[in-house]
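This report describes selected local features of a single protein chain. The sequence and the three-dimensional structure are shown first, and the description follows.

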Amino acid sequence: WDETSALFSASLMNRMSNRRIMFYINLGNVFRLPSLSERISNHLRSINPETSGLLPEYKKSFEMGFKIETEKKDEAQIFAMSVSGFNYQYSNKIKQVQLTGVPVQFPINIGEASLSGFDSNLSFSSKTKWFNFSSSYAYYYFSDPMAFQLQPDKMVRNKITLKIKWVQLDLIHRSESARQVTSINSTGTFLHNRLDAIKTYDANLSLKLKFRDYKGTISFSGKNLNNESQELNGISLFDKRYNLNFGLSWK
C-alpha cells in the first residue's frame with residue numbers, strides 16, 4: 001500500500017453532419033514496479049553490490065490533444081487527423097544498459113528525467129478503399145538523451161497501401177534522427193554511443209485466398225531495401241532482409 005497511482009481523463013466532442021471533433025486531456029501520477037526478471041538481472045550484473053537494488057519508477061504525465069475524423073459510411077472517403085502534446089516527469093527512471101559484444105541488456109535506476117514533445121497522425125482512404133495513405137510525425141525533447149535508450153528526437157513514418165480484391169501492397173518509408181545508447185564493457189566502464197540518423201524503405205506484398213472453409217495467406221516482405229545498415233559494438237543493426245510467410249486456416 002506504499003505505492004499509489006492516480007489518473008484523470010476528460011474529453012469534449014462536437015459531432016457535425018459527417019465529422020467528429022474531439023478535444024481531450026489526461027493527467028496522471030503512476031508508478032511501475034520492476035519485474036522479477038528485471039530485479040534478478042540488475043542484481044546479477046550490478047556494478048555496485050552495496051546498492052539496494054532496482055527501485056520503483058514514478059511518472060507524472062500530462063497529455064492534451066485533439067482528433068478530427070469523418071464518419072465511416074459506405075462509398076465515402078475516410079479522413080482522420082490527430083495532434084497531441086505531452087510532458088512526462090520521471091523519478092528513479094529505469095533504463096536498460098547494453099552489454100558490449102552480446103545482445104544482452106540489464107536495467108538500472110538513473111534518477112530524475114523528463115520527456116516532452118508532440119505526435120501528429122494523418123490518414124486518408126479512398127471511397128472504394130483500394131487506396132490508403134497514412135503519415136505520422138513526432139518530435140521529442142529530453143532533459144537527458146542518455147536516459148532514453150535508442151529514442152530519436154524526430155520520427156517520420158509514411159505508408160501507402162494499395163488493395164485490389166485479394167492482393168495488397170504496402171510501401172513504407174521511415175526516417176529517424178540520431179539515437180543515443182549506453183553500453184558497459186567487461187571492466188565495468190560505461191560507454192556512451194551515438195547511432196546516426198537512418199532512413200529505411202520497406203515493402204510487403206500479400207495474397208489472400210479463400211476456398212469454402214479454408215483461408216490461405218502468402219506474403220513476401222522486404223525490410224530496409226536501401227540497405228542502410230548500422231553497427232553497435234560488433235552487433236549489426238537494421239540489416240536488409242526478406243521474409244516469405246505462408247498461412248492456412250480452417251473454420
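## Salt bridges

Arg 194 has a relative accessible area of 54% and is therefore exposed, the cut-off for that class being over 50%. Its partner is Asp 196, and the two side chains meet in a salt bridge with an N to O distance of 3.1 Å. Asp 196 is partly exposed, at a relative accessible area of 48%. The model is a predicted one, and its salt bridges number 4 in total.

Another of these bridges joins Arg 20 and Glu 69, whose closest N and O atoms are 2.2 Å apart. Arg 20 belongs to strand 2 (residues 19–32) and Glu 69 to strand 3 (residues 57–70), so the pair ties together parts that are 49 residues apart in sequence. Both ends count as partly exposed: Arg 20 has 25% relative accessibility, and Glu 69 has a relative accessible area of 28%. A further salt bridge links Glu 176 with Arg 174, with 3.0 Å between the closest N and O atoms. Here Glu 176 is buried, at 12% relative accessibility, whereas Arg 174 is partly exposed, at 25%.

## Nonpolar core

The largest nonpolar core consists of 10 residues: Phe 86, Tyr 88, Tyr 90, Ala 113, Leu 115, Ala 138, Tyr 140, Phe 142, Ala 147 and Phe 148. Two or more residues of this core come from each of strand 4 (78–91), strand 7 (113–125) and strand 8 (131–142).

## Tyr 137 in strand 8

Tyr 137 also lies in strand 8. Tyr 137 is partly exposed because its relative accessibility is 32%, and that class lies between 20% and 50%.

The C-alpha atom of Tyr 137 is 5.3 Å from that of Ser 120, although the two residues are 17 residues apart along the chain. Beyond its neighbours within four places in sequence, Tyr 137 is in contact with Phe 118, Asp 119 and Ser 120, and with Lys 154, Met 155 and Val 156.

## Nonpolar surface patch

A nonpolar patch on the surface is formed by Tyr 201, Ile 218, Phe 220, Leu 225, Tyr 242, Leu 244 and Phe 246, which together have about 730 Å² of accessible area. Strand 14 (214–223) and strand 17 (241–250) each contribute at least two residues. The most comes from strand 17, which supplies 3 residues.

Tyr 201 is located in strand 13 (residues 198–211). Its relative accessible area of 39% makes Tyr 201 partly exposed.

## Polar side chains

Glu 38 is part of helix 1 (residues 36–45). At 13% relative accessibility, Glu 38 is buried. Its side chain reaches the backbone nitrogen of Ser 35 at 3.0 Å. Apart from its neighbours within four places in sequence, Glu 38 has contacts with Arg 32, Leu 54, Gln 96 and Pro 107.

Gln 168 is placed in strand 10 (residues 167–176). A polar contact of 3.3 Å joins the side chains of Gln 168 and Asp 170. With neighbours within four places in sequence set aside, Gln 168 is in contact with Thr 161, Leu 162 and Lys 163, and with Asn 204, Leu 205 and Ser 206.

## Positive phi angles

Which phi value does Asn 92 adopt? Its phi is near 55 degrees, which is a positive value in a residue other than glycine. Asn 92 is situated in the loop between strand 4 and strand 5 (94–99), and it is partly exposed, at 23% relative accessibility.

Asn 224 likewise has a positive phi, near 50 degrees. Asn 224 lies in the loop between strand 14 and strand 15 (230–232). Is Asn 224 buried or exposed? With 3% relative accessibility, Asn 224 counts as buried, because it falls under the 20% cut-off.

Definitions and conventions
Residues numbered from 1 in each chain as written. Predicted model: local features only at pLDDT ≥ 70, side-chain atom pairs only at ≥ 80, totals over all residues. Heavy atoms only, no water. Core = buried A, V, L, I, M, F, W, Y, C linked by side-chain atoms within 4.5 Å. Buried < 20%, exposed > 50% of the residue type's maximum accessible area, 1.4 Å probe, protein only. Helix = DSSP H or I, 4+ residues; strand = E, 2+ residues; numbered from the N terminus. Patch = residues over 30% accessible without salt bridge, like charges linked within 9 Å, V, L, I, M, F, W, Y side chains within 5 Å. Areas by Shrake-Rupley, 256 points an atom, 1.4 Å probe, with all protein chains shown as cover. Contact = heavy atoms within 4.5 Å. Polar contact = N/O pair within 3.5 Å; in protein donor to acceptor, adjacent residues only side chain to side chain.
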